[in-house]
Amino acid sequence: MNSMSYLVLARKYRPQNFDQVVGQKHVVRTLKNAISQGRLAHALLFSGIRGVGKTTIARILAKALNCEQGPTPEPCNECSACKEITEGRAVDVQEIDAASNRGIDEIRELRENVKFRPARFRYKVYIIDEAHMLTREAFNALLKTLEEPPPHVHFILATTEPQKIPVTILSRCQRYEFRRLPWMELVEHLEDVSRKEGVQIEKEVLEIIAREAEGSVRDALSLLDQAISSGVKTRQELLDLFGLTDQLLLEETARAILKRDMASCFTLVQKAFEQGLDLVHFAQDLTEFFRNLLVLKSSSGKVFLDMPESELAALRALSLEAETEELLLLFQTLLSAVENIRRSPLPRLSLELTLAKACEVGKVIPLEKLFAKLEDLKKASAWQNEAAKSSEAPSKSPPRDLSWDAFVRKVKEASPPLGALLETLASPEEKDGTLFLKIPEGSLLEDKTYRQKLAALVSEHLGKGLEVETFSSTNPSPLRQKLIEKPVVQEVLKIFGGRIAQVKPYEGE
Ligand SMILES: [Zn+2]
């Protein structure tokens, strides 16, 4: 293998007919039926992440429509129409990259030309890549054409961000959602390609590549390209090549956090640093690790995690050592820290601080118990003693003259995690005897049960009402956005009904 092989695999193994497409079975089936029945819509929208086959399928579709043996769901790939399309030199099949110049000239030209019959083929096919990048003017021009598409024209809009396409355009397109490839299917595809290439490479290497590709076939093949051209054969060589985190290092770190073993955490960060790992990447991986632990724990291991059995076994074992709420709090702590680590001029120290904090989260007792413990305070705490000085009546004590900060300190004494949670929030504003507490979206306190309990505590100890307002961070940073878009985070949001805060109240031991 020489360096020329870089990025070649994706091109070399690009599917030339529908049956060669990896994944996207639902899309392929529908398109094949539409072609067979002569009912293909004139405007199609292909949406999905990069590298899952949108343009590839668009080109196959162009061949299916124009093959000399067709229209047919099985283009021959032999006739001149098929060949020209494959080679990208067919005059009647135009690819417009909206990202490069936002398409103004092309769309204007398209509007002029669209009314003419195809030069040589049955159909003119316009493939508009990154369609969401078109300017408003280009969209308007396109809309006029889509309103009354000539019978000899098909438009295929491909996009990674369908939400940026105007509704007026969307409503005229038939939509096809391309999915991320499941991890296992990617592994199989990589095995297939390596076999065809005659390359000896450990299966574990392919498994890691498939995980890093996060469902994108193109990313997976380009990583495989790099691995092959660098002569990678073993797992360790791959980890070194890409600066990836070793799963064992993640496990060790997670175990250290769960044991509140701060010293080990520092040692492990040192190790990661010496191995030359990207520490932001490491923090992301660790966050994902705790997310997986949480998913396993909260579903009693019933949720399907698409990963190697060896990793799964380790996760299962670790998940037994922790409480659900503890994992939730750690997941939350790490997720919100990733951004800080990325921005920090001293990422290593920032990572160390994060892990130290994670250890401090304390052996979390389920929140239900925390609140119960706090309620016991009124019998024994300093608050009670203070009250006793001024009043003979031991029960039904009047509201104390505590400040919010003092209240949080008291809460923290009784329950470090809950106190720590309150400490991360700005002091509430008071108006007409009611405290207005702002909490970020996704906070544990978003849960109604916990909110009510907190309100009851505030009322009891501060003699004031409590209103909790949720706020969302308005301008999510690119990294945060990227993290949110990660399939695992999407998954967890789905599992918890769109918001992390919806945790079931703890029941029993
Ligand atoms: Zn053909």
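**Entry 1. Helices α13 and α14**

I looked up which residues bring α13 and α14 together: Leu-249, Glu-252, Thr-253, Ala-256 and Ile-257 in α13 meet Ser-264, Cys-265, Leu-268, Lys-271 and Ala-272 in α14. I took two residues as in contact if their C-beta atoms, placed from the backbone, lie within 7 Å. By class, this contact has six nonpolar, two polar and two charged residues. In this classification Ala, Val, Leu, Ile, Met, Phe, Trp, Tyr, Cys and Pro count as nonpolar, Asp, Glu, Lys and Arg as charged, and the others, Gly among them, as polar.

The model is a predicted one, in which local features need pLDDT of at least 70 and side-chain atom pairs count only at pLDDT 80 or more, while totals for chains, interfaces and linings use all residues. Residues are numbered from 1 along each chain as its sequence is written.

I then noted the geometry. The axes of α13 (residues 247-258) and α14 (residues 262-274) come within 9 Å and cross at roughly 160°. Axes are lines fitted to C-alpha atoms, for helices over the stretch in contact, and angles run from 0 to 180 degrees between N-to-C directions. α13 and α14 are therefore roughly antiparallel to each other, a term for angles over 145 degrees, where under 35 is roughly parallel, 65 to 115 roughly perpendicular and the rest oblique. The crossing of α13 and α14 is left-handed, that is, the near helix is turned anticlockwise from the far one by less than a right angle, clockwise being right-handed.

**Entry 2. Helices α15 and α17**

I turned to α15 (residues 279-298) and α17 (residues 324-343), which pack at an angle of about 160° with their axes 9 Å apart. These two helices are therefore roughly antiparallel to each other, and the crossing of α15 and α17 is left-handed. I listed the residues that meet: those in α15 include Leu-286, Phe-290, Leu-293 and Leu-294, and those in α17 include Leu-327, Phe-331, Leu-334 and Ile-341. By class, the contact of α15 with α17 has 16 nonpolar, four polar and three charged residues.

Within α17 I examined Leu-327. Leu-327 is buried, with 24 other C-beta atoms within 10 Å; the scale is buried at 20 or more, exposed at 12 or fewer and partly exposed in between, with C-beta atoms placed from the backbone. Leaving aside neighbours within four places in sequence, Leu-327 is in contact with Phe-290, Leu-293, Leu-294, Lys-297 and Ala-322. Leu-327 and Lys-297 are 30 residues apart in sequence, and their C-alpha atoms are 8.5 Å apart.

**Entry 3. Two further buried residues**

I found Ile-107 in helix α6 (residues 104-113). Ile-107 is buried, with 25 other C-beta atoms within 10 Å. Not counting residues up to four places away in sequence, Ile-107 touches Leu-134, Ala-138, Ala-141 and Leu-142. From Ile-107 to Ile-128, 21 residues away in sequence, the C-alpha to C-alpha distance is 9.7 Å.

I found Leu-223 in helix α11 (residues 217-229). Leu-223 counts as buried, with 24 C-beta neighbours inside 10 Å. Beyond four places in sequence, Leu-223 is in contact with Ile-209, Glu-212 and Ala-213. Leu-223 and Phe-242 are 19 residues apart along the chain, with 9.1 Å between their C-alpha atoms.

**Entry 4. Backbone exceptions**

Most residues other than glycine have a negative phi, and most peptide bonds are trans. I recorded a cis peptide bond between Gly-70 and Pro-71, with omega about 5°. Pro-71 is in the loop between α3 (54-66) and α4 (80-86), and Asn-77 is placed in the loop between α3 and α4. Phi of Asn-77 is positive, near 65°, and Asn-77 is partly exposed, with 14 other C-beta atoms within 10 Å.

Glu-214 lies in the loop between α10 (203-213) and α11. Phi of Glu-214 is near 45°, a positive value. Glu-214 counts as partly exposed, with 18 C-beta neighbours inside 10 Å.

**Entry 5. The chain and its confidence**

I counted 25 helices and eight strands in the chain, taken as DSSP runs (helices H or I, at least four residues; strands E, at least two) numbered from the N terminus. Buried residues make up 37% of the 509 residues.

The mean pLDDT of the chain is 81, and 81% of its residues reach 70 or more; pLDDT is the predictor's confidence in each residue, from 0 to 100. pLDDT stays under 50 over residues 1-6, and is below 50 over residues 492-509. Where pLDDT is low, the predicted coordinates should not be read in detail.
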